[in-house]
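Trainee: I would like to learn how to read a structure like this one. Can we take it feature by feature?

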Amino acid sequence: MRILVVEDEPDLGDAVLRHLRRQGYAVDWQRDGQSAQEVLSYQQYDLVVLDIGLPRKDGFAVVRWLRGQGNRTPVLMLTARSNIEDRVGALDFGADDYLSKPFDLREFDARCRALLRRTQGVASGTTVIGELEFDRGAKVAKLRGVPLTLPNREYRLLEILIGNIDKVVSKDEIASQLFDFDAEGGANAIELYIGRLRRKLGTALRIRTVRGVGYIAETTDSGDEA
Ligand code: CA
């Protein structure tokens with residue numbers, strides 16, 4: 001899951017960036033509307049957190065441009081105070097939701113989760129695959145009812161694989177969702193995380209390597225070894 005934060009207030013931008021990265025999201029931060037638009041023209045995101053009052057190009061112009069491109073990436077707009085025109089404008093220009101500043105980070109999380117769920121096309125927050133239960137709301141994966149200990153990156157990787165169950169996900173795609181521009185990552189790190197997931201999941205979810213391409217998570221209904 002990769003998120004773009006567009007915010008010109010350094011303290012708020014930094015707080016949001018750190019907060020999201022602590023949860024294992026790949027996060028990029030742009031400080032003005034023009035730069036955001038440039039990044040959005042080539043990088044795919046799962047969510048854009050967009051301030052309205054920005055240098056060079058305001059948030060309304062950015063979201064209008066984005067929708068004009070046919071880009072349906074969910075946009076959460078940050079509106080100043082309780083300005084009713086900002087809220088109405090945000091939705092009119094194509095944002096999916098808004099949050100008035102100042103906001104509580106717990107409410108911010110709830111809004112982000114709801115929008116990210118929409119991206120994945122998952123109706124419910126919980127996916128059950130055989131003995132494995134993946135609960136996005138509680139941010140926990142359970143195997144036969146027992147919660148697995150999954151550090152953030154492993155959790156996010158499992159989320160990507162489950163979101164694409166029985167479909168091949170390329171290494172590039174995984175890297176782009178797992179690591180932002182600042183992160184040290186890459187193919188070796190992904191292999192490491194895959195190895196850890198395989199050990200923890202056992203035969204509940206088979207994660208198969210597709211040579212030269214990527215990985216596929218497959219539902220296993222037999223007792224075969226992965
Ligand atoms: Ca601002």
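Trainee: How do the residues of the lining of the largest cavity divide into nonpolar, polar and charged?

Mentor: Some ground rules come with it. This is a predicted model, where local features need pLDDT of at least 70, side-chain atom pairs count only at pLDDT 80 or more, and totals for chains, interfaces and linings use all residues. Residues are numbered from 1 along each chain as its sequence is written, and side-chain values use heavy atoms, with hydrogens and water left out.

Mentor: Now the general idea. Rolling a probe the size of a water molecule over the atoms shows where empty space is left. A cavity is a set of points, on a 1 Å grid over the protein atoms alone, where a 1.4 Å probe fits but cannot get out; lining residues have an atom within 4 Å of a point. Here the lining holds four nonpolar, two polar and six charged residues. Asp, Glu, Lys and Arg count as charged; Ala, Val, Leu, Ile, Met, Phe, Trp, Tyr, Cys and Pro as nonpolar; the others, Gly among them, as polar.

Trainee: Which residues lie nearest the centre of the largest cavity?

Mentor: Tyr25, Arg113, Arg136, Arg156 and Glu159, out of 12 lining residues. Helix H5 (105-120) and helix H6 (152-163) each give two or more residues to that lining. H5 gives the most, with four. Helices are DSSP runs of H or I, at least four residues, and strands are runs of E, at least two, numbered from the N terminus.

Trainee: What coordinates the calcium ion?

Mentor: Look for donors: N, O and S atoms within 2.8 Å of the metal (3.2 Å for Na, K and Ca); water is not among the atoms, so sites may look incomplete. Here they come from Asp8 (OD), Asp51 (OD) and Gly53 (O), at 2.1 to 2.3 Å. Asp8 sits in the loop between strand S1 (2-6) and helix H1 (10-22), and Asp51 in strand S3 (residues 47-51), 43 residues apart.

Trainee: Is Asp51 buried or exposed?

Mentor: Buried means under 20% relative accessible area, exposed over 50%, partly exposed in between (1.4 Å probe, protein chains only). Asp51 is at 4%, so it counts as buried. Asp8 is at 30%, so it counts as partly exposed.

Trainee: Which residues touch the most other members of the largest nonpolar core?

Mentor: In soluble globular proteins, nonpolar side chains tend to be buried together. A nonpolar core is a set of buried Ala, Val, Leu, Ile, Met, Phe, Trp, Tyr and Cys residues joined through side-chain atoms within 4.5 Å. Of the 28 residues in this one, the answer is Leu158 and Leu205.

Key: 1 Å grid on protein atoms, 1.4 Å probe; cavity = no way out; pocket = protein on both sides within 12 Å on 5 of 7 lines; lining within 4 Å.
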